[in-house]
Structure formats: C-alpha cells, structure tokens
Amino acid sequence: MARTQSRSLPSLKFRFEADMVPQIRNALPRLAFRHERETPVEVFTEVPAAQGVPDLAAVRFAPEAITIRREFGVRPLTTDLEVRAVFAIGRSSLRVDELARLVGTSSNYMRRAVVPMLVELGWLHYGGGEVRRKPEARWVGKRVVTVEAKLRDWRAALSQARTQSRSADAAYMALERSAFGAFNSYLPQISNGGVGVLLVDRTSGRTEVAARPRRRPATATQVGKQLLAERCLDMVQRGTREGQIYPVFGRSQVPSEALHPKARDALAC
C-alpha cells in the first residue's frame, strides 16, 4: 500500500505518548486533508468529543459560516443535547414537546433549560410554543479528523479511535513506527473498520499514513462531528488550541486575531 509521508524533522526520541503529539500535529493537515493550503485547517489537543477525549482533533472550518455567525451573534454550542436539538429541528418548526421527544428529554427541561439557552446563543426563534432555527445559525465544521496516539499499545489505540470515529469524518490511531510489525497483518481489517493508521518514526519524527479509514455515511457522524467543531470554535474564541477546558466552555464572540488568517479574512469582509 502506498504511503504518504510528511517532511523529515530533527532527530528525537519518544519516552511518552505526549512526545509524539507535536510531530503528528505538524503533519496532520498535510496527511489527512486535501488542499490544506487553500482552506484553513486548525489542530487542537484534548478537546472532549461526544464520547471520550481524542489526543488531537483537526478541523477545517467554513470561514463563510463563521462570518455570518459573527455578524448575527450566533455563538458556539458546547453540549451534546444542544447539538442534537438543533439537528432535530432541521429547517422546519417544531413544538417544544415534540422536540423533547425527539432528543429524549423531558418537555419541562427542554422548555426551561435547553430552548432558552439556544435562543440566548442565537440559534433559535421561539414563540407560540414552537421553535425554529435561524437561517444564520450555520454549522462551521466542514471536515473533522481525530487522532489517538500510543507508543506501542495498538489495541488500546484502536479501541479509542473507534470510539472517536463517531465524532469525525476520519479517525486515526497513531503509533511509534517500530510497533507496526505487531499489527501490520491486521491493517486491512482496521482500515475497513473505519480507523486509519499513522506511523511516527522515533528518530526522524517523520509521520506517514499506513492506511486510511473506510469512509462512513455522513449521517452517522454529523452530531458528534459538529459538537467537536463547535467546541473547537469555542477554544478559538478563547485564543487557545490546547488543553481540556470542558465542561466550562465560554459563550463569547470570536476575536479575529485568534483565527487562522483565511478565517480572519472572512470575518473582515
């Protein structure tokens, strides 16, 4: 199988999994996204997904959606229930009781907690007992990729990457290259199961793609994908790409200086 390689980096040694993260982070936009130079790709660490916390999450944002949201004051969603509620509403109007039934919560909680928050964040119109999504409330995540990094424990990496595949367009496990022999015969099954494989050389730091994940239906990952993208956008607003800040996510506007230059240009339009 042909492998895509990143550029070689200075010689180094990996003692801990965290030592691999900078090498993967540098290579990820080139290896897991097409046309990386044309469209912004931001890479984050330790952002909680719908289930678990991937070591890395890379997001290609939609600058045009960010521009519109900023103009109309639409702020990030940061809980799974908020995202599921917006998806359940779609482009139609729903009674609050029906929305509660669709997302599996009580009508009282939906009416007293969820709907008021979504209205405050600029996502919904609410009146006459019905909710309707605002047209300017657009999703910002065009493509989301997650990575679970391990030095040698490929089975643990695979298990965690499978979990994160529910929140991404593509999920990868990354291992130190010398561990490849322990699982290379399983590579087709791993890939067909929806998980890709990255290998990081412990001497050069070079990262390569050993296998790409089989594509999953977009509908299977949309809620988790957009939740992760929303949380990443919330981190951008705070001017950071690192660290686990959930569950205390902010409700602030996007400072343009914290964005990728192309997204910043979109905000300036």
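This briefing walks through the main features of the structure above, topic by topic.

The model is predicted, so local features need pLDDT of at least 70 and side-chain atom pairs count only at pLDDT 80 or more, while totals for chains, interfaces and linings use all residues. Residues are numbered from 1 along each chain as its sequence is written, and side-chain values use heavy atoms, with hydrogens and water left out. The protein has nine helices and ten strands; these are DSSP runs numbered from the N terminus, with helices (H or I) of at least four residues and strands (E) of at least two. Of its 269 residues, 51% are buried, where buried means under 20% relative accessible area, exposed over 50% and partly exposed in between, using a 1.4 Å probe and protein chains only.

**A three-stranded sheet**

- Three strands make an open sheet in the order β4-β6-β5, with antiparallel pairing; two strands pair if DSSP finds at least two bridges between them.
- The edge strands, β4 and β5, each pair on one side only.
- From one strand to the next, the twist averages 25°; angles run from 0 to 180 degrees between N-to-C directions, and axes are lines fitted to C-alpha atoms, for helices over the stretch in contact.
- Strand β5 (residues 124-127) and strand β6 (residues 130-133) run antiparallel and are joined by four bridges, with Leu124 standing opposite Arg133 in β6.
- These two strands form a hairpin with two residues between them, and Gly128 in the turn has a positive phi of about 60°.

**Helices around the sheet**

- Helix α3 lies across β4, β5 and β6, running at about 90° to β6.
- Helix α5 packs on the sheet and touches β5 and β6, and its direction makes about 130° with that of β5; contact means heavy atoms within 4.5 Å.
- Helix α3 (residues 80-89) and helix α5 (residues 107-120) also pack against each other at an angle of about 85°, with their axes 11 Å apart.
- The two helices α3 and α5 are therefore roughly perpendicular to each other, a label for angles of 65 to 115 degrees, whereas under 35 is roughly parallel, over 145 roughly antiparallel and the rest oblique.
- At this contact, Leu81, Glu82, Ala85 and Val86 in α3 meet Tyr109, Val114, Met117 and Leu118 in α5.

**Buried faces of helices**

- In helix α4 (residues 96-103), the residues Val96, Leu99, Ala100 and Val103 are buried.
- Seen down the axis of α4, its buried residues fall within an arc of 100°, so they line one face of the helix; the arc is that of the directions from the helix axis to the C-beta atoms.
- Those buried residues of α4 pack against α3, β4 (93-95), α5, β5 and β6.
- Gly104 follows α4 and has a positive phi, near 80°.
- Helix α1 (residues 21-32) is mostly covered, with nine of its twelve residues buried, including Ile24, Arg25 and Leu28.

**Two buried loop residues**

- Leu77 is found in the loop between α2 (63-72) and α3, and is buried with a relative accessible area of 0%.
- The C-alpha atoms of Leu77 and Leu121 are separated by 7.7 Å, although the two are 44 residues apart along the chain.
- Asp55 is found in the loop between β2 (42-45) and β3 (56-61) and counts as buried at 19% relative accessibility.
- Not counting residues up to four places away in sequence, Asp55 touches Phe44, Thr45, Glu46, Val147, Glu148 and Ala149.
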